[in-house]
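Please find below my notes on the model under review. They are arranged as numbered points and may be read alongside the coordinates.

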Amino acid sequence: MAVTSSEFWDRVAAGYSKRPIADTESYARKLAATQALMHPNMQVLEFGCGTGSTALEHAPHVSQIVATDLSATMIAIGREKAARAGVGNVNFRQSGVEAFEAPDGRFDMVLALNLLHLLPDRAAALSKIHRLLKPGGVFISSTVCLADRMWFLRPIVPIMQWFGKAPYVSFLRVDTVLQEVVTAGFEVQEHWTHSRANCLFLVSKKVGIG
Ligand SMILES: C[S@@+](CC[C@H](N)C(=O)[O-])C[C@H]1O[C@@H](n2cnc3c(N)ncnc32)[C@H](O)[C@@H]1O
């Protein structure tokens, strides 16, 4: 009965695209913090873009956004939304983080919003993000950290996964994510948490040349 990640996200995509933003105040704060670091010549990569709502918000502030997601259905909905909104500088591509390839140093900014806790190999993903960024490039993430507050869900999630009702998810602590980002070669610029799910918003900068 357990489903793969792409099957799970394909199945929930239509509902996800209609779901209202749970914490509008924090969402607006994240958009503002991100756009404060954007400039009109910027090349941005978003991993796990979902149906592209956030990419479409950011599009007027940069040159191009390559918006990627594992789920073909999420990407199809994103393309429709961009066409309806008349946004031409968001280039949607179906790809998992793991399979995505681009030249080193290709991007000025990488976004991973509500994604890192869904990846089985975060170290590999963070290393790829570091490689894809220019020196001094910005990495912005938003990560649900369930281990700090919602640890009681830990025995329930595998049952939900077996029934195809939950995706792969890691129970992370805020300190763990901060440490992993630093270990991958980033300098933390700003971080704060919000919501019951203890979501960590993190702005960091690539240090070193690797
Ligand atoms: C919780 S949604 C977040 C979507 C969007 N970033 C947002 O904040 O609304 C997680 C997204 O990550 C995608 N995803 C899951 N595993 C992925 C992977 N390995 N590589 C790329 N995207 C993935 C899912 O398809 C889904 O669209």
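1. Asn114 is partly exposed, its relative accessible area being 34%. The model is a predicted one, and in it Asn114 has a positive phi of about 60° although this residue is not a glycine. Asn114 is located in the loop that runs between β4 (107–113) and α5 (122–132). The residue also belongs to the ligand site, where Asn114 is listed among the closest residues to the ligand.

2. A total of 19 residues surround the ligand, and the closest are Tyr16, Gly48, Asp69, Leu113 and Asn114.

3. A backbone N or O atom of Gly48 is placed 2.7 Å from a ligand nitrogen atom. For Val97, a polar backbone atom is 3.0 Å from a nitrogen atom of the ligand. Glu98 contributes through its side chain, a polar atom of which lies 3.0 Å from a nitrogen atom of the ligand. On its own the ligand has 590 Å² of accessible area, and the protein covers 91% of this.

4. Which strands pair with β2? Strand β1 (residues 43–47) pairs with β2 in the parallel sense over 4 bridges, and strand β3 (residues 90–94) is joined to β2, also in parallel, by 5 bridges. Individual partners can be named: Gln43 has Gln64 in β2 as its bridge partner, while Ile65 stands opposite Val90 in β3. The chain passes from β2 through helix α4 (residues 72–85) to β3, and this β-α-β crossover is right-handed.

5. β1, helix α3 (residues 53–58) and β2 form a right-handed β-α-β unit. Strand β2 itself (residues 64–69) is mostly covered, with 5 of its 6 residues buried. In general terms, the side chains of a regular strand alternate between the two faces of the sheet.

6. β4 and β5 are paired in the parallel sense over 6 bridges, and Phe107 stands opposite Leu133 in β5. Strand β5 (residues 133–144) is mostly covered, since 9 of its 12 residues are buried.

7. What is the sense of the pairing between β5 and β7? These two strands run antiparallel and are joined by 7 bridges. One of the residue pairs is Ile140 with Val203, the latter being the bridge partner in β7.

8. β7 also takes part in a hairpin. β6 and β7 pair in the antiparallel sense over 8 bridges, and the bridge partner of His194 in β7 is Cys199. The hairpin has 4 residues between its strands, and Ser195 in the turn has a positive phi of about 75°. Ser195 is not a glycine; the residue lies in the loop between β6 (186–194) and β7 (199–206). With a relative accessibility of 34%, Ser195 counts as partly exposed.

9. Arg29, which lies in helix α2, counts as partly exposed at 46% relative accessibility.

10. Leu31 and Thr54 are 23 residues apart in sequence, with 8.0 Å between their C-alpha atoms. Arg29 and Val62 are 33 residues apart along the chain, and their C-alpha atoms are separated by 18 Å. Lys18 and Thr51 are likewise 33 residues apart in sequence, and their C-alpha atoms are 9.7 Å apart in space. Lys18 is located in helix α1 (residues 5–18) and is exposed, because its relative accessible area of 68% is over 50%.

Key
Residues numbered from 1 in each chain as written. Predicted model: local features only at pLDDT ≥ 70, side-chain atom pairs only at ≥ 80, totals over all residues. Heavy atoms only, no water. Near = heavy atom within 4 Å. Polar contact = N/O pair within 3.5 Å; in protein donor to acceptor, adjacent residues only side chain to side chain. Areas by Shrake-Rupley, 256 points an atom, 1.4 Å probe, with all protein chains shown as cover. Buried < 20%, exposed > 50% of the residue type's maximum accessible area, 1.4 Å probe, protein only. Pairing = 2+ DSSP bridges. Right-handed = clockwise from strand over helix to strand, strands pointing away.
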